Amino acid sequence: MPFLGQDWRSPGQSWVKTEDGWKKTTTDDDMDNISVERFVLRGKLTKNESFNQDNLLLSLGYDMAAKKRKKDLMNNNSKVPYFHMEKWIYVHKGSTKERHGYCTLGEAFNRLDFCSAIKDTRRFNYVVRLLELIAKSKLPSLSGVAQKNYMNILERVVQKVLEDQQNVRPIKELLQALYLSLCGLVQDMGKSVLVGNISTWVHRMENILQWHQQLDNIQINRPTSEGMNLSDLPTSLQLNIMQRLSDGRDLVSLGQVTPGLGLLSEDRLLWKGLCQHHFTDRQIRKRLIVSDKGQLEWQKMYFKLIRCYPRLEEYCETLHFCTHCHILFWKDTKHPCTANNPESCTISLSPQDFIDLFNF
């Protein structure tokens with residue numbers, strides 16, 4: 001079977017199917033006959049039909065222009081970011097007779113609807129953590145389009161934080177981790193580490209520093225309402241609210257608002273609950289800190305434990321994977337086999353599980 005694809009290494013010869021079989025032709029042959037035979041093969045014309053060669057060339061020109069516009073849209077020089085809006089994708093790890101190719105991390109990152117996810121409060125922290133994991137170790141494995149899409153989504157995340165004045169600290173940590181990773185990767189440019197020239201990535205690093213500076217200068221406005229605030233609530237309710245904070249740094253920041261909240265934020269039971277929530281009893285026993293009075297310093301133990309062990313990650317909504325049909329989807333999104341299979345076929349994926357799903 002002759003090779004029919006377009007190859008820049010071709011010597012100018014091409015194969016054309018005729019009534020007598022396949023024949024090799026060159027550019028010196030009659031171009032009109034070649035055009036007719038090619039269009040007969042594609043079902044565009046029959047032997048009894050006549051055509052206008054100028055119209056055919058014009059039609060081919062339109063096709064080439066359409067392909068060029070599509071290519072420019074995905075090109076790094078395109079000024080308009082391109083985002084996919086798919087709610088679920090099929091994750092295939094091998095080639096079969098029915099399906100060819102693999103689903104990579106970059107392809108999944110491109111096709112899944114992450115732009116709408118960052119607008120959803122339930123999914124925001126999940127996407128931010130996923131971006132941080134990719135920045136630390138998986139950015140070179142992404143394709144050029146996926147790397148560009150990564151930066152576009154990150155820009156939208158920063159804009160959302162600047163507008164809402166919420167989740168400032170995790171975004172600053174994300175930008176810092178990404179900048180440190182790029183500092184090492186840019187030094188290896190030319191070794192197939194990052195796609196694109198070095199000036200493009202230097203410009204992106206400058207944008208990261210600019211975003212970080214904007215987050216440093218953010219000033220949270222006080223609410224204009226004169227109603228009841230946190231300090232006006234009974235002490236028991238204030239402690240109940242503090243117990244729902246899963247990050248000790250948030251508890252420390254809350255204690256800096258007023259002297260009364262500062263006194264409550266040092267409650268030993270609060271810090272004991274945080275330690276027991278994020279870490280196992282074995283991990284806690286290895287990092288015991290006892291005061292002069294013989295009491296456990298739970299607050300100091302907490303900050304010592306987070307330097308040694310990862311904290312428990314909790315998200316309101318995560319990506320799910322169906323083990324029956326191999327569909328990756330958001331929790332509230334239906335996929336093809338939802339009606340025929342129970343929910344027991346689906347598993348919840350943490351951000352790290354999402355990364356590990358494509359390690360094959």
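**Salt bridges in a predicted model**

Guide: The side chains of arginine 169 and aspartate 250 meet in a salt bridge, with 2.5 Å from N to O. This pair joins distant parts of the chain, since arginine 169 lies in helix α7 (residues 168-186) and aspartate 250 in helix α10 (residues 248-255), 81 residues apart. The model is predicted, so local features need pLDDT of at least 70 and side-chain atom pairs count only at pLDDT 80 or more, while totals for chains, interfaces and linings use all residues. Residues are numbered from 1 along each chain as its sequence is written, and side-chain values use heavy atoms, with hydrogens and water left out.

Visitor: Why is the contact of arginine 169 and aspartate 250 called a salt bridge?

Guide: A salt bridge is a side-chain nitrogen of Lys or Arg within 4 Å of a carboxyl oxygen of Asp or Glu. Arginine 169 and aspartate 250 have a value of 2.5 Å, N to O, and therefore meet the definition.

Visitor: What makes arginine 169 count as partly exposed?

Guide: Buried means under 20% relative accessible area, exposed over 50%, and partly exposed in between (1.4 Å probe, protein chains only). Arginine 169 has 28% relative accessibility, so it counts as partly exposed. Aspartate 250, at 30%, is therefore partly exposed as well.

Visitor: Which residues are linked with arginine 169 in a network of salt bridges?

Guide: The network links Arg169, Glu173, Asp247, Arg249, Asp250 and Arg311. The structure holds 15 salt bridges.

Visitor: How do you know that glutamate 132 is buried?

Guide: The relative accessible area of glutamate 132 is 13%, and the limit for buried is under 20%, so the residue is buried. Its salt-bridge partner is arginine 129, at 3.4 Å from N to O. Arginine 129 has 23% relative accessibility and therefore counts as partly exposed.

Visitor: Where do glutamate 132 and arginine 129 lie?

Guide: Both lie in helix α5 (residues 121-138), 3 residues apart, which is about one turn of the helix. Helices (H or I, at least four residues) and strands (E, at least two) are DSSP runs, numbered from the N terminus. The protein has 15 helices and 6 strands.

Visitor: What makes glutamate 107 and arginine 111 a salt bridge?

Guide: Their side chains meet at 3.1 Å, N to O, so the pair falls within the limit of 4 Å. Both residues belong to helix α3 (residues 105-111), 4 residues apart. Glutamate 107 is partly exposed, at 26%, and arginine 111 is partly exposed, at 21%.
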